[in-house]
Amino acid sequence: MPDEKCPVCFACARPFGAFVRRHHCRLCGQIFCHGCSGNFVDGKLIGRPKEQQSRLCQVCIMYVDGPAAQQRGLPPSSSGGSGSGPGSTGAAGSRAPLPPSSAATA
C-alpha cells in the first residue's frame, strides 16, 4: 500500500505525522503506527530469509506458528484470539479475511 494512501494507522486510526511514523507489516502489507506493529520475528519464519528481523502487526503475529509466537507469549494460530482475528476490520478500512483454520471446521 502506498504511504500517501494511508493517513492513519490501519489498526487504531492514529494519524501519522512528524512524530508518528508509518510502518509496513511484512506479512499483510498494511500500514501501522509503532504501537500496532512492534512485533518482530526472524524473517525466515515468514518467507523473507534475507531479513534478520521482520516487523509484523498485532493480527499477523498471532498467525505465525512456532517458537517466535511462543517467545512473545502469544497463542499458536490454531487457538482463538480475543476480538481480533480472521475477518476483523481495522479502523481505517477492511482487511481481507484469512482462510479458516482447520480447528474451526466442525
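User: How many aromatic pairs does a search of the whole structure find?

Analyst: The search finds one aromatic pair, a term for rings of Phe, Tyr and Trp (its six-membered ring) whose centres lie within 6.5 Å. This is a predicted model, in which local features need pLDDT of at least 70 and side-chain atom pairs count only at pLDDT 80 or more, while totals for chains, interfaces and linings use all residues. Residues are numbered from 1 along each chain as its sequence is written, and side-chain values use heavy atoms, with hydrogens and water left out.

User: Why is the pair of Phe-10 and Phe-32 called edge-to-face?

Analyst: Planes under 30 degrees apart count as stacked, those over 60 as edge-to-face and the rest as tilted. The ring centres of Phe-10 and Phe-32 are 5.9 Å apart and their planes stand at 90°, so the pair is edge-to-face. Phe-10 lies in the segment before E1 and Phe-32 in strand E2, so the pair ties together parts that are 22 residues apart in sequence; strands (E, at least two residues) and helices (H or I, at least four) are DSSP runs, numbered from the N terminus.

User: What makes Phe-10 count as buried or exposed?

Analyst: Buried means under 20% relative accessible area, exposed over 50%, and partly exposed in between (1.4 Å probe, protein chains only). Phe-10 has a relative accessible area of 6%, so Phe-10 is buried, and Phe-32, with 1%, is therefore buried too.

User: Which residues touch the most other members of the largest nonpolar core?

Analyst: A nonpolar core is a set of buried Ala, Val, Leu, Ile, Met, Phe, Trp, Tyr and Cys residues joined through side-chain atoms within 4.5 Å. Of the 19 residues in the largest one, those that touch the most other members are Cys-9, Phe-16, Cys-25, Phe-32, Cys-33, Leu-56 and Cys-57. E2 and H1 are the elements that give two or more residues to this core, and H1 gives the most, with three residues.

User: What makes the contact between Glu-51 and Arg-26 a salt bridge?

Analyst: The term requires a side-chain nitrogen of Lys or Arg within 4 Å of a carboxyl oxygen of Asp or Glu, and the side chains of Glu-51 and Arg-26 meet at 3.8 Å, N to O. This pair links distant parts of the chain, 25 residues apart, with Glu-51 in the loop between strand E3 (39–41) and strand E4 (54–56) and Arg-26 in the loop between strand E1 (23–24) and strand E2 (31–32). Arg-48 also forms a salt bridge with Glu-51, where the closest N and O atoms are 2.8 Å apart. Salt bridges that share partners join Arg-26, Arg-48 and Glu-51 into one network, and two salt bridges are found in the whole structure.

User: Why are Arg-26 and Arg-48 called partly exposed?

Analyst: Arg-26 has a relative accessibility of 37%, so Arg-26 falls in the partly exposed class, and Arg-48, with 32%, is therefore also partly exposed.
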